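Welcome, and thanks for taking a look at this one. Here is a short report to read alongside the model.

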Amino acid sequence: MTNNEQHNKDIDEIKEIAGYLWERGWAERNGGNISLRLKTWDGKITSELVPIADIPTNLAGSILYISGTGCRMRDLARYPFKHGAVIKISDDVAGYRFLECGQDGTNVKPTMELGSHLELQAKMVASNPEYRAVLHTHPIELICLSHNPKLARDPEKLRTMLWSTMPESRVFLPRGVDLTEYALPGSTQLSKLTGSALDNFDVILWEKHGALATGRDMVEAFDFIDVANKSATIILKCMAAGFTPEGLSQDNLEEMERILINKL
Ligand SMILES: [Zn+2]
């Protein structure tokens with residue numbers, strides 16, 4: 001794939017996924033934020049250095065697409081560079097500069113969650129550099145389940161319930177969903193809880209707030225949350241119909257683990 005083809009694929013996927021987030025009702029107002037580490041970008045530098053403290057050193061020279069502060073996903077889906085920006089981290093990690101990316105000359109200030117995105121991106125560079133996408137959104141049914149005090153205090157039970165709604169959940173969420181206790185949005189505490197949970201799980205559900213996933217691209221990150229939210233929807237529909245879903249048995253789940261997951 002040439003650089004241009006890769007650019008087009010990345011940006012097309014960002015637009016596609018931002019549109020899904022809005023259509024599903026997961027992105028009210030300016031809810032959610034995304035970042036994608038780009039392999040290359042041809043645009044020239046268009047700004048002075050914007051200093052930021054504590055950028056991890058392994059992000060030196062990295063180029064990222066990042067959603068803009070206060071931006072709406074429904075707008076970003078149509079105009080990704082009016083509601084997001086391409087930035088390059090300086091080689092001395094003292095800050096970032098904007099790169100030219102078309103549409104118009106205005107540089108869009110990155111999301112207030114930029115610091116958390118940089119921490120998670122740095123973790124991916126260190127442990128799994130193929131992973132380039134970070135997606136945070138507000139999936140309705142998963143958030144509903146996180147309001148259930150029993151499930152919120154028992155992430156293992158929640159994880160098993162989500163896995164057991166249908167075989168695909170067990171297969172396409174191989175490491176499952178974790179739930180982190182409520183923490184202030186944008187706080188260092190939330191970012192640290194998320195970072196360590198991502199070492200072991202595919203989707204991190206933030207109690208009474210939303211979900212975050214990473215992936216090799218934006219489509220993969222979206223798919224993790226989409227599958228988990230489908231399971232949450234099944235659980236809630238069963239409960240609304242007046243019964244608790246029986247779920248696949250432990251034996252069913254273990255069989256899939258042995259036979260299907262190891263073949264992926
Ligand atoms: Zn949020």
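## About the model

This is a predicted model, in which local features need pLDDT of at least 70 and side-chain atom pairs count only at pLDDT 80 or more, while totals for chains, interfaces and linings use all residues. Residues are numbered from 1 along each chain as its sequence is written.

## Overall fold

The protein chain holds 10 helices and 9 strands, both being DSSP runs numbered from the N terminus (helices: H or I, at least four residues; strands: E, at least two). Its C-alpha atoms fill a box of roughly 60 × 35 × 35 Å along the principal axes.

Of the 264 residues, 41% count as buried, that is, with 20 or more other C-beta atoms, placed from the backbone, within 10 Å of their own.

The chain is divided into domain 1 (1–114) and domain 2 (139–264), with bounds from an automatic or database domain assignment. Their C-alpha centres lie 27 Å apart.

In domain 1, 10 residues are in contact with 7 residues of domain 2, where contact means C-beta atoms, placed from the backbone, within 7 Å. On the domain 1 side, α1 (3–23) and β1 (33–38) are the elements that give two or more residues, and α1 gives the most, with 4.

Definitions and conventions:
Buried ≥ 20, exposed ≤ 12 C-beta atoms within 10 Å, placed from the backbone. Contact = placed C-beta atoms within 7 Å.
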